[in-house]
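Here's a quick look at one helix and the residues on it. Have the sequence and the model side by side as you read.

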Amino acid sequence: MSRDPHPRSPIPARPEPPGPADAGTPSSETPLLSVHAAVVFLAAVIIGLVMGGLMFLQDKSVPAAVAAGLVAAGGSVPVLHKLIG
């Protein structure tokens, strides 16, 4: 009469619930942008689009509108960084 050296474990009555969807990603990973930086850049893009659109409506010149939009977006980043703190 030989005994089984590896006894089988009983099957659990309820299976384990699946983990969260991001369980496979390591927790030490940092995001590419912080929430603060994302809000600042998003607001700067909106300001640049509005200023570029207004400039286009005034002059009907695409290069002038693009230049105004870029200057407005670039100039608003430091101000927004200090305001949204």
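Where is the place of Leu42? Leu42 sits in helix α1, helices being DSSP runs of H or I with at least four residues, numbered from the N terminus. A word on the source: this is a predicted model, where local features need pLDDT of at least 70, side-chain atom pairs count only at pLDDT 80 or more, and totals for chains, interfaces and linings use all residues. Residues are numbered from 1 along each chain as its sequence is written, and side-chain values use heavy atoms, with hydrogens and water left out.

Phe41 is in α1 too, which covers residues 35-59. Here's how the two compare on accessibility (buried is under 20% relative accessible area, exposed over 50%, partly exposed in between, with a 1.4 Å probe and protein chains only):

| Residue | Relative accessibility | Class |
|---|---|---|
| Phe41 | 41% | partly exposed |
| Leu42 | 53% | exposed |

Leaving aside neighbours within four places in sequence, Phe41 is in contact (heavy atoms within 4.5 Å) with Leu33 and Val77. Phe41 also lies 9.0 Å from His81, C-alpha to C-alpha, though 40 residues separate them in sequence.

What about the rest of α1? Its buried residues include Ala37, Val40, Ala43, Ala44, Gly48 and Gly52, and α2 (62-83) is part of what covers the buried residues of α1. After α1 comes Lys60, with a positive phi near 60°.

Conventions: Helices (H or I, at least four residues) and strands (E, at least two) are DSSP runs, numbered from the N terminus.
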